[in-house]
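Please open the model in a viewer and keep the sequence panel at hand.

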Amino acid sequence: MTVSTRCHSVSSQGNGHIIDITGDVQDTVASSDLNAGVATVFVTGSTAGLTTVEYEPGLVHDLTAAFERLYPRAMEYRHHETWNDDNGHSHVRASMLGPSLAVPFVEGALTLGTWQQIILVDFDTRPRTREYIVQLIGESHGNPD
Amino acid sequence: MTVSTRCHSVSSQGNGHIIDITGDVQDTVASSDLNAGVATVFVTGSTAGLTTVEYEPGLVHDLTAAFERLYPRAMEYRHHETWNDDNGHSHVRASMLGPSLAVPFVEGALTLGTWQQIILVDFDTRPRTREYIVQLIGESHGNPD
Amino acid sequence: MTVSTRCHSVSSQGNGHIIDITGDVQDTVASSDLNAGVATVFVTGSTAGLTTVEYEPGLVHDLTAAFERLYPRAMEYRHHETWNDDNGHSHVRASMLGPSLAVPFVEGALTLGTWQQIILVDFDTRPRTREYIVQLIGESHGNPD
């Protein structure tokens, strides 16, 4: 049983940019010597979140529209009074989506569906480099169970 | 320390069908030789999600109503233009709810409340068999900590 | 590799009380002999949830307002007919937010951002003691990876 923790960086345009990180998470699994276990994906910071989606331009648009409909940018947020900031909606959206995912892998492959990708959504209001953690806990040889 | 991964199938009517999978997850824990650890539950595919609820008909109705109110079926979704499909709302709801849960177990039992059940919500628009993973990572004898 | 499971109690005023539990989760990690691994945080019961946020009074207000806007207390909930209860909105909010978080730690510290705290949100309609689990799975000496 081994723990392997890796920090990844991704370049983001912010403002709800939806980034497909499946390849990087899968590569982290494949380049480890682990056969079976769990990949914990965790985004550092309070203005981004993680989930899965069928990553295609239509749904990228639909998800973006849903976030704007439920948590409009042009509302009053008390957070703006605290820091004279403009990203209250970014924080609320990030908290609602959540910062962590736990994805099992077996035989060195994530147990995702064919049309299911892992995405990082950066709700902050400016381009920046975002960091997230991929931590693997597992074993080198699969349980015959 | 052991990893044990099991794939479960469940028959679903789709259209927001809310299925109580607590018994199957608990049975997976009980039939393993693990005493303490974490059960990662992960639903494969991009039109279903997982959470917990007090599973009773009133709340099944209330949850269903909340999904329809926030992410109406009868809206325009760009996803429909991509595939000439009708399940844009299914994808958006699934992404918002999320595909994974991490539930600790101790002494062979999930640490759920008495009125807290694990549910799979199938948002897709047709009956189908849904698959989800239950992966256990833990140890055979509890840490006396 | 070790599993260490601890149950925490926290005093809550209910009605959407947002409680910063970061210190208790971090202390649990620091007081273990584990260097690297995952902290699974899980709230017992079906009227509370977990996420992360920049914990400051402005955002505490903004999150509270978002929950009330999306899942109003003063709506009809079928759950009330089941138990003659008044907390239908509490259950729906809790299911939507979700009961579990998986937070990696390395070198004895959670991989949170500086402005990212772990919160428990108690949606129930009365003051009570809430319980949540912090379960650590990890190893005493870090993987040099």
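Which residues of α4(A) are buried? To answer, select helix α4 (residues 88-97) of chain A. A:Gly88, A:His89, A:Ser90, A:His91, A:Val92, A:Arg93, A:Ala94, A:Ser95, A:Met96 and A:Leu97 are buried. Here a residue is buried if 20 or more other C-beta atoms lie within 10 Å of its own, exposed if 12 or fewer, and partly exposed in between, with C-beta atoms placed from the backbone. Since 10 of the 10 residues of α4(A) are buried, the helix is largely enclosed by the rest of the structure.

Two remarks on conventions are needed before going further. This is a predicted model, in which local features need pLDDT of at least 70 and side-chain atom pairs count only at pLDDT 80 or more, whereas totals for chains, interfaces and linings use all residues. Residues are numbered from 1 along each chain as its sequence is written, and chains are lettered from A and ligands numbered from 1 in the order in which they are written. Helices (H or I, at least four residues) and strands (E, at least two) are DSSP runs, numbered from the N terminus.

**Around α4 of chain A**

Just after the helix, A:Gly98 takes a positive phi of about 95°.

**Chain A as a whole**

Next, select all of chain A. The chain has 4 helices and 8 strands, which run β-β-α-β-β-α-α-α-β-β-β-β from the N terminus on. Its C-alpha trace spans about 55 × 30 × 25 Å along the principal axes. Of its 145 residues, 54% count as buried. Two residues are in contact if their C-beta atoms, placed from the backbone, lie within 7 Å. Among the contacts in chain A with a separation of 6 or more, 82% join residues 24 or more positions apart.

Now select A:Asn15, in the loop between β1 (2-12) and β2 (17-20) of chain A. A:Asn15 has a positive phi of about 55° although it is not a glycine. Most residues other than glycine have a negative phi. A:Asn15 counts as partly exposed, with 15 C-beta neighbours inside 10 Å.

**The sheet of chain C**

Move to chain C and display its strands. An open sheet of 5 strands has the order β1-β8-β3-β5-β6, with antiparallel pairing; two strands pair if DSSP finds at least two bridges between them. β1 (2-12) and β6 (109-110) of chain C stand at the edges, each with a single partner strand, so one side of each is left without a neighbour in the sheet. β5(C) and β6(C) run antiparallel and are joined by 2 bridges. In β6(C), C:Ala109 is the bridge partner of C:Val106. Helix α1 (residues 22-30) of chain C packs on the sheet, touching β1, β3, β5, β6 and β8 of chain C.

**Where the chains meet**

Show chains A and C together. Here 32 residues of chain C are in contact with 28 residues of chain A. On the chain C side, α2(C) gives the most, with 7 residues. By class, that side has 16 nonpolar, 11 polar and 5 charged residues. Ala, Val, Leu, Ile, Met, Phe, Trp, Tyr, Cys and Pro count as nonpolar, Asp, Glu, Lys and Arg as charged, and the others, Gly among them, as polar.

How are chains C and A related? A rotation of 120° with 0.0 Å of shift along its axis superposes chain C on chain A (RMSD 0.0 Å), with copies superposed by least squares on the C-alpha atoms of residues with pLDDT of at least 70 in both. That is the relation of a three-fold axis.

**The nonpolar core**

Finally, select A:Val41, B:Val41, B:Val103 and C:Val41, the residues with the most contacts inside the largest nonpolar core, which has 121 residues. Such a core is a set of buried Ala, Val, Leu, Ile, Met, Phe, Trp, Tyr and Cys residues joined through C-beta atoms within 7 Å. Not counting residues up to four places away in sequence, B:Val41 touches residues including B:Val25, B:Leu50 and B:Ile118.

Methods. Axes fitted to C-alpha atoms, helices over the stretch in contact; angles between N-to-C directions.
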